[in-house]
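Let's take a friendly walk through this protein, strand by strand. Keep the picture open beside you as you read.

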Amino acid sequence: AIDCEMVEVDRWGEGLARVSIVNYHGHILMDKYVIPEGDQITNYRTWVSGITPEKLDPKLGAIPF
């Protein structure tokens with residue numbers, strides 16, 4: 001199963017911020033924070049996504065989309 005978390009990006013509207021992939025048995029295959037494309041994140045939607053500015057820091061492991 002694949003799950004994605006999105007943030008609001010001013011120019012693009014929606015931006016991918018997290019991708020999680022688990023296998024049939026529920027084992028995590030990938031769980032990465034993703035730096036979304038666009039000029040600026042205008043809403044992290046933390047109350048829904050759990051995404052914060054710190055989680056999208058490349059120094060802490062976030063990868064570019």
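To begin, the elements come from DSSP runs, numbered from the N terminus: a helix is H or I over at least four residues, and a strand is E over at least two. Two strands pair if DSSP finds at least two bridges between them. With that in hand, look at β1 and β2, which form a hairpin with three residues between them.

A word on the source. What you see is a predicted model, in which local features need pLDDT of at least 70 and side-chain atom pairs count only at pLDDT 80 or more, while totals for chains, interfaces and linings use all residues. Residues are numbered from 1 along each chain as its sequence is written, and side-chain values use heavy atoms, with hydrogens and water left out.

How confident is the predictor? The score, pLDDT, is its confidence in each residue, from 0 to 100. The protein has a mean pLDDT of 93, and 100% of its residues reach 70 or more. Confidence is highest in β3, at 96, and lowest in helix α1 (residues 46-49), at a mean of 91.

**The sheet**

In what order do the five strands stand in the sheet? The order is β4-β1-β2-β3-β5, in an open sheet with mixed pairing. At the edges stand β4 (41-43) and β5, each with a single partner strand, so one side of each is left without a neighbour in the sheet.

Here are the pairings, strand by strand.

| Pair | Sense | Bridges |
|---|---|---|
| β1 (residues 2-9) and β2 | antiparallel | eight bridges |
| β2 (residues 13-22) and β3 (residues 28-35) | antiparallel | five bridges |
| β1 and β4 | antiparallel | two bridges |
| β3 and β5 (residues 63-64) | parallel | two bridges |

You can trace these pairings through single residues. Moving on to β3, valine 22 stands opposite isoleucine 28, and serine 20 has aspartate 31 as its bridge partner.

Is valine 19 buried or exposed? Valine 19, which lies in strand β2, is buried, with a relative accessible area of 12%. The word buried means under 20% relative accessible area, exposed means over 50%, and partly exposed lies in between (1.4 Å probe, protein chains only). Leaving aside neighbours within four places in sequence, valine 19 is in contact (heavy atoms within 4.5 Å) with Asp3, Met30, Asp31, Lys32 and Val34. Leucine 60 is 41 residues from valine 19 in sequence and 16 Å from it in space, C-alpha to C-alpha.

Now find aspartate 39, in the loop between β3 and β4. Aspartate 39 is exposed, with a relative accessible area of 56%. Beyond its neighbours within four places in sequence, aspartate 39 is in contact with Val9, Asp10, Arg11 and Trp12. Aspartate 39 and isoleucine 2 are 37 residues apart in sequence and 26 Å apart in space, C-alpha to C-alpha.

Note on methods. pLDDT is the predictor's confidence in each residue, from 0 to 100.
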